[in-house]
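Q: Could you walk me through this structure, starting with the words I need in order to read it?

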Amino acid sequence: MKRKLAREDWAGAALEALCEGGVAAIAVEPIAAKLGTTKGSFYWHFANRGELVEAAVRRWAEQDTEALITLLDGISDPERRLRELFTLVFGATDDERAELALLAHAADPVIGPLLAEVTERRVGFIVRCFREMGRPDIEARHRGLLAYTAFIGLIQAQRASGGTLLPATERPGYLEFLRGIITG
């Protein structure tokens, strides 16, 4: 017996398609084939392709932003919270395909506004940590922006260099160096 597909199954498959081929790869028929279903299943869950793109981006936001913030908010000490964030984000050598694909499509009318929300949420979280550490508002904002743009810059530069700019063996040292600069 076939498992009934949920909206989340479609969103997950669309997110994977985005990672593999950009926003153009979010196409109903190929995703339906990959899921082993028909377009009818798609129309049961979504009115149009734009809704599917939005669901994929929201899934990414939940997995890569909200879940992480929820996890880190369980740490009461803001300095330790930031250390953990840096370790999890900068120290990870996992695939950043979704992040890179979404950044490449920031001008897309569906992706752009959602990406802006996620960016503000992430920067806001980092800024809040610095404020809780006693940093003045403007300094906290500048440090939060520096941390976030360092992350985005690193993944973009790693892509541009074919992953050779910062070898995995150098990541821990870079992480400590960056942490020292940002947290001062």
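A: Let us begin with contact, which means heavy atoms within 4.5 Å. Helices (H or I, at least four residues) and strands (E, at least two) are DSSP runs, numbered from the N terminus.

Q: And where does the model come from?
A: This is a predicted model, in which local features need pLDDT of at least 70 and side-chain atom pairs count only at pLDDT 80 or more, while totals for chains, interfaces and linings use all residues. Residues are numbered from 1 along each chain as its sequence is written, and side-chain values use heavy atoms, with hydrogens and water left out.

Q: What share of the residues count as buried?
A: Of the 184 residues of the protein, 42% count as buried, where buried means under 20% relative accessible area, exposed means over 50%, and partly exposed is in between (1.4 Å probe, protein chains only). As for contacts between residues at least 6 apart in sequence, 67% of them join residues at least 24 apart.

Q: Let's look at a pair of helices. At what angle do H5 and H7 pack?
A: Helix H5 (residues 78-90) and helix H7 (residues 111-132) pack at an angle of about 145°, with their axes 8 Å apart. Here axes are lines fitted to C-alpha atoms, for helices over the stretch in contact, and angles run from 0 to 180 degrees between N-to-C directions. H5 passes H7 in a left-handed crossing, a term used if the near helix is turned anticlockwise from the far one by less than a right angle, with right-handed used if the turn is clockwise.

Q: Which residues meet there?
A: On the H5 side they are Pro78, Arg81, Leu82 and Leu85, and these meet Phe125, Ile126, Arg128, Cys129, Phe130 and Glu132 in H7. The residues of this contact divide into seven nonpolar, no polar and three charged. In that count, Ala, Val, Leu, Ile, Met, Phe, Trp, Tyr, Cys and Pro are nonpolar, Asp, Glu, Lys and Arg are charged, and the others, Gly among them, are polar.

Q: You mentioned a cysteine, so how many disulfides are there?
A: The count comes to zero disulfides, a disulfide being a pair of cysteine sulfur atoms within 2.5 Å. In general, a disulfide is a covalent bond between the sulfur atoms of two cysteines. Cys19 is buried, with a relative accessible area of 16%, and Cys129 is buried at 0%.

Q: What about H2, which of its residues are buried?
A: The buried residues of helix H2 (residues 28-35) are Val28, Ile31 and Ala32. Seen down the axis of H2, they fall within an arc of 105°, so they line one face of the helix; the arc is that of the directions from the helix axis to the C-beta atoms.

Q: Why would residues that are three or four places apart point the same way?
A: They do so because an α-helix has 3.6 residues a turn.

Q: And what covers that buried side, and what sits on the other one?
A: The cover of the buried residues of H2 includes helix H1 (7-21), helix H3 (39-45) and H4. The face turned away from the buried side carries the exposed residues Glu29, Ala33 and Lys34. Just after H2, Gly36 takes a positive phi of about 75°.

Q: Back to H4, is Trp60 buried or exposed?
A: Trp60, which is in helix H4, is buried, with a relative accessible area of 1%. Not counting residues up to four places away in sequence, Trp60 touches several residues, among them Leu15, Ala98, Leu115 and Arg122.

Q: Last one, what does Glu20 touch?
A: Glu20 lies in helix H1 and is exposed, with a relative accessible area of 52%. Apart from residues up to four places away in sequence, Glu20 touches Lys34 and Arg97.
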